[in-house]
Amino acid sequence: MGTSVQVTPLCGVYNENPLSYLVSIDGFNFLIDCGWNDLFDPSLLQPLSRVASTIHAVLLSHPDTLHLGALPYAMKQFGLSAPVYSTEPVYRLGLLTMYDQYLSRKQVSEFDLFSLDDIDSAFQSVTRLTYSQNYHLSGKGEGIVIAPHVAGHLLGGTVWKITKDGEDVIYAVDFNRRKEKHLNGTVLESFVRPAVLITDAYNALNNQPPKQQRERDRDFVDIISKTLEAGGNVLLPVDTAGRVLELLLVLEEHWSLKSLNFPIFFLTYVSSSTIDYVKSFLEWMSDAIAKSFETSRDNAFLLKHVTLLISKSELDKVPDGPKVVLASMASLEAGFSHDIFVEWAADVKNLVLFTERGQFGTLSRMLQADPPPKAVKVMMSRRVPLVGEELIAYEEEQNRLKKEEALKASLIKEEESKASHVPNINSSDPMVIDANNKHPSLDGQHGSGYRDVLIDGFVPPSTSVAPMFPFYENTSDWDDFGEVINPDDYVIKDEDMDQAAMHIGGDMDGKLDEGSASLILDTTPSKVISNELTVLVKSSLIYMDYEGRSDGRSVKSILAHVTPLKLVLVHGSAEATEHLKQHCLKHVCPHVYAPQIEETIDVTSDLCAYKVQLSEKLMSNVLFKKFGDYEIAWVDAEVGKTENDMLSLLPISTPAPPHKSVVVGDLKMADFKQFLASKGVKVEFAGGALRCGEYVTLRKVGLASLKGGGSGTQQIIIEGPLCEEYYKIRDYLYSQFYLL
């Protein structure tokens, strides 16, 4: 049998809930994504709680709450202690996203699901990888290789490739085929015939042809400009550090082009740190941004028209007038966007512009309904300092707790002190006197003199057998230069520096401290007061698709190209999941699965894989040919066993039978056209064929894919009279392949 692979969804199937899946490869358990939603409903994590202790590694694909929001809670409450792997941007921006989530909720509720310390602790165990980096696991994961690849959608977004014994398991959710201003498109299409592909059906029913980027951006800024010119304000509810980056570049470019003076504000608790980190992630962005920086040192995120804010009070100080505010959270469930919406919704001149579908059950999803509601009930909460009797009661309770803690500490200290002074009476230490020794000393006069010694300032404990000062032996090692030290004790770890930068100087300007520290370090006793309001929604509500996900047609095209042997569908409505499942059964492969929550499916490959050792006798007679970055050869051998009972390929004892020539390579007609043109051959495409010179025609025929998910046989047919030109073109064609 091939590599054993089982997939168990823990959350996010047949619905739009957060993503979390258990993938077991030969008994090694991967938790791929550990998401939560903006409602932070603990019941969603029950399946995860039952398997958290069995997980050996965690892979994170995107830096948003839906993909990593439950990580701090799972490590704190469920005992999840496995190492975590992600790209650098997913680590950095994911950390900031969780900070923003915590601070947004702590300001308006007694949020206790996790703390800032829990977030720091969870992200300390993250190992950061670069795109296409092959990371070899050790221990129980020996032989497994993981590698992150470009997904698009969000900065650092990852398509995970897990390889064991030559078989690939690909995890690709929320990918984007199209290039954008700040991101390249996914590389998912570069994978062909993986053993297992796990992907989502989120956009399977979205078959509207996507607008060209320029047209979409033009419509986006036109709607905003019209609102501003009419004297209205524009609110864009956004995520902390994900799709908002694309929106900032669109607005920045348009404001520069049109020389507009309307202010733009980016308002989150971590906005300054977000942009500072993003400035250093140019190598993770689109080719255009990287090239611009290389040629002119122009950093796309040196924002000239966007002001970064970290508190609502800063926005309130801005003079009245039309403005654009990008504020977290996108769900409108908490954060600055929630409060601003309540203030601005009643004005008909204002605009609330949604750029992504709201999470199920949230206020933003409710407002995106067709038709939108005319009024909504919202809960307004704020934190106020305690006064009067409440303050007195709080202080009394704190004093009582402090006294209890001090009493416990003193008792523990006393116990430790007693334990440290109990000597070993069986010791041969000459300074210790055995009180049970009945033999008189050599000096009869002072046989019991030790009991009558008066010592000023030191009273021996009652457990002591002799009046002796405490003595602790120094066990340090010494050499000719002094005490031997361990240099590792004085090394500042990267994680400690990261946290110091976050908590002490979170960004270059220190603005993170100013905002977050005022909340984190504020020890003023306070409470949260809440009241329910009915908000009349008179402002305009518009949705424009800036989600950065491939549409349904694109998803189907990619799946047909990848042609996995087995396909697992997750994360999407029941209707979308079933639709994509039926399509793939007809056009992609016969093995398509859509499991329910906690339903384990076995997607072990039907292929048999064996490990064999290549003997030195065999390899000494093999002739390799260069094939791109590889060397290939044809081998005739017979299977034997080594002394250790391992399978080995040995030279055959009889002459090798002749074999048909094998042509290795994949010819792209467009590339061959350029090659012929460089050789002076007149060439053009006509009717799906390549016309070469006067008489010769090349065409590629055959099935693009078979129903088994495998690639069909493709042939290149060369047609024309047997003349000098024909043989010349044929030789050029042969030169594009490798013959074995």
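Biologist: What makes α7 largely enclosed by the rest of the structure?

Modeller: Of the 15 residues of α7, 11 are buried, so the helix is largely enclosed by the rest of the structure, where buried means under 20% relative accessible area, exposed means over 50% and partly exposed lies in between, with a 1.4 Å probe and protein chains only. Those buried residues are V244, L245, E246, L247, L248, L249, V250, L251, E252, H254 and W255. This is a predicted model, in which local features need pLDDT of at least 70 and side-chain atom pairs count only at pLDDT 80 or more, while totals for chains, interfaces and linings use all residues. Residues are numbered from 1 along each chain as its sequence is written, and side-chain values use heavy atoms, with hydrogens and water left out.

Biologist: How do you know what span is expected for α7?

Modeller: The expected span is 1.5 Å times one less than the number of residues, and α7, which covers residues 244–258, reaches 21 Å from its first C-alpha to its last, close to the 21 Å expected. Helices here are DSSP runs of H or I with at least four residues, strands are runs of E with at least two, and both are numbered from the N terminus. After α7 comes S259, whose phi is positive, near 55 degrees.

Biologist: What makes the phi of Y14 and of L332 worth a remark?

Modeller: Most residues other than glycine have a negative phi, and most peptide bonds are trans. Y14, although not a glycine, has a positive phi of about 55 degrees, and L332, also not a glycine, has a positive phi of about 65 degrees.

Biologist: Which omega goes with the peptide bond from S328 to M329?

Modeller: That bond is cis, with omega near 10 degrees, and M329 is found in the loop between β15 and α11.
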